[in-house]
Amino acid sequence: MISIQYRPPKIIRWLFPDYQWRTRNGKILLTFDDGPSECTSLVLDKLAEHKISALFFLTGRNIEKNRDMSRMIIKRGHTHGCHGYEHKYLWWRFAVYLGRDLEKYFSAAEEAGIGKPEYFRPPFGSLLPGISGITKKSGMKLVMWDIMTFDYKNNPDIVKFAVKKFLRRDSIIVLHDKSVLKGIMPELLDFIADEVRSRGFEFGKPDECLK
């Protein structure tokens, strides 16, 4: 049961083969959901310190609120992906809703000057057969994760447990770019960087990991 919480079970990955669950080059990919936020600049500084390129799954509303920080993510050498405009559950929503939501995201990204994303992570990790076709038409790849850290619970011990137990050389790790995590994010990024490298693993760039 614990494994299912932190790592998607094999049956789920088998049922949704269009979703990318792990990297394809044997390197670790670090991803951040829900930004940009007041935590983003701190995250960027830590990533620079550890020489890590990350993939930021932004929301359209937060791009509109933080256009300068959205541009800074790209300027600092990172990649942005789409996490929806409104970040709402997709389980009970028709395909037309997702299509409109993506268009609103694309407009927000264009107005911020960060370009159209190549990657999409459904809000709350929604798993619906229709999502794949819609995102492909929009020119995006579906990217999920190999390790859910539960960092949003604001407990470093939970994150450290998840990484120590489930890390492998091709993991896609999920963290969250949220203002409430400013107090623990430096510690978490230091820990993850040290853990990855102490095992002889490497961090990869998004485009290389997801090719």
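In which strand is the place of Met-148? The place of Met-148 is in strand S7, a strand being a DSSP run (E) of at least two residues, numbered from the N terminus. The model is predicted, so local features need pLDDT of at least 70 and side-chain atom pairs count only at pLDDT 80 or more, whereas totals for chains, interfaces and linings use all residues. Residues are numbered from 1 along each chain as its sequence is written, and side-chain values use heavy atoms, with hydrogens and water left out.

**Figure 1. The protein chain as a whole.** The protein chain has 10 helices and eight strands; a helix is a DSSP run (H or I) of at least four residues. The radius of gyration of the chain, taken over C-alpha atoms, is 16 Å, close to the 17 Å that the globule rule gives for 211 residues, so the chain is as compact as a globular protein of that length. The globule rule is 2.2 Å times the number of residues to the power 0.38. Along the principal axes, the C-alpha atoms fill a box of roughly 45 × 40 × 30 Å. Of the 211 residues, 53% count as buried, that is, under 20% relative accessible area with a 1.4 Å probe and protein chains only; exposed means over 50%, and partly exposed lies in between.

Figure 2. Met-148 is buried, with a relative accessible area of 11%. Leaving aside neighbours within four places in sequence, Met-148 is in contact (heavy atoms within 4.5 Å) with Gln-5, Tyr-6, Ala-162, Val-174 and His-176. Met-148 and Ala-193 are 45 residues apart in sequence, and their C-alpha atoms are 16 Å apart in space.

Figure 3. Thr-149 lies in the loop that runs between strand S7 (147-148) and H8, and its relative accessible area is 0%, which counts as buried. The contacts of Thr-149, apart from neighbours within four places in sequence, include Ile-158, Val-159, Ala-162 and Val-163. Ile-173, Val-174 and Leu-175 are also among them. Although Phe-150 is not a glycine, its phi is positive, about 55°. Most residues other than glycine have a negative phi.

Figure 4. Helix H8 covers residues 156-166, and its buried residues are Pro-156, Val-159, Ala-162, Val-163 and Phe-166. Seen down the axis of H8, these residues fall within an arc of 140°, so they line one face of the helix. The arc is that of the directions from the helix axis to the C-beta atoms. Asp-157 and Lys-165, on the other side of H8, are exposed. Glu-195, whose place is in helix H9 (residues 185-198), is buried, with a relative accessible area of 11%. Not counting residues up to four places away in sequence, Glu-195 touches Val-163, Lys-164 and Leu-167.

**Figure 5. The loop between S2 and H3.** Pro-36 is located in the loop between strand S2 (29-33) and helix H3 (40-50). The peptide bond that joins Gly-35 and Pro-36 is cis, with omega about -5°. Most peptide bonds are trans. Asp-34 is found in the loop between S2 and H3 too, and has a positive phi of about 85° although it is not a glycine. Asp-34 is buried, with a relative accessible area of 10%.
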